[in-house]
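Okay, thanks for coming, everyone. Let me put the structure up and then walk you through a few parts of it.

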Amino acid sequence: MKHYLFTIMQPDGDPPPPEVLDPIMRDVEAFNDELRAAGAWVFANGLHAPSTATVLRQQNGQVLMTDGPYAEGKEHVGGLCIIKAPDLDAALDWARKLASVLPLPIEVRPFLGEV
């Protein structure tokens, strides 16, 4: 089976209030439970704000470290999910289920080769 990455894009700013976010997160956890039951779940988790990031890059033979995100933008990677699926169509079916409970853009990309 191939592995696929679901990248969840989140708008910059504070998260929604608990009365909005809590039901969404319950639905996301139910989605993760469904993935686990189907044997498709590999890993999923959210990320801290981009301000917690450290970026490393090679420049003039040295590795430089800087705080914060690499690029400024109106949205950032808020979380990710890695699944196993026989093909892209099956991965997209799972992504549709996630998109139906999580009102954020989700990018689906296959990993290179078999993992």
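So, among contacts between residues at least 6 apart in sequence, what share joins residues at least 24 apart? It's 77%, where contact means heavy atoms within 4.5 Å.

Quick housekeeping before the details. This is a predicted model, with local features needing pLDDT of at least 70 and side-chain atom pairs counting only at pLDDT 80 or more, while totals for chains, interfaces and linings use all residues. Residues are numbered from 1 along each chain as its sequence is written, and side-chain values use heavy atoms, with hydrogens and water left out.

Overall, we have two helices and six strands, and those are DSSP runs numbered from the N terminus: H or I of at least four residues for helices, E of at least two for strands. Reading along the sequence, you get β-α-β-β-β-β-α-β. The C-alpha trace spans about 45 × 40 × 20 Å along its principal axes.

Now the helices. α1, residues 18–38, packs on α2, residues 88–101, at an angle of about 160 degrees, and the axes are 9 Å apart. The axes are lines fitted to C-alpha atoms over the stretch in contact, and angles run from 0 to 180 degrees between N-to-C directions. So α1 is roughly antiparallel to α2, a label that goes to angles over 145 degrees. Who makes the contact? On α1 we have Ile-24, Asp-27, Val-28, Phe-31, Glu-34, Leu-35 and Ala-38, and on α2 Trp-94, Lys-97, Leu-98 and Val-101.

Over to the strands. β3, residues 54–59, and β4, residues 62–67, run antiparallel and are joined by six bridges; two strands pair if DSSP finds at least two bridges between them. Gln-59 has Gln-62 in β4 as its bridge partner. The two strands form a hairpin with two residues between them, and Asn-60 in that turn has a positive phi of about 55 degrees.

Thr-7 sits in β1, residues 2–11, and counts as buried because its relative accessibility is 11%; buried is under 20%, exposed over 50%, partly exposed in between, with a 1.4 Å probe and protein chains only. Leaving out residues up to four places away in sequence, Thr-7 touches Val-77, Gly-79, Pro-105, Ile-106 and Glu-107.

Then there's Leu-80 in β5, residues 75–85. Leu-80 is at 23%, so it counts as partly exposed. Beyond four places in sequence, its contacts include Leu-5, Phe-6 and Phe-43.

Terms used:
Angles under 35 degrees count as roughly parallel, over 145 as roughly antiparallel, 65 to 115 as roughly perpendicular and the rest as oblique.
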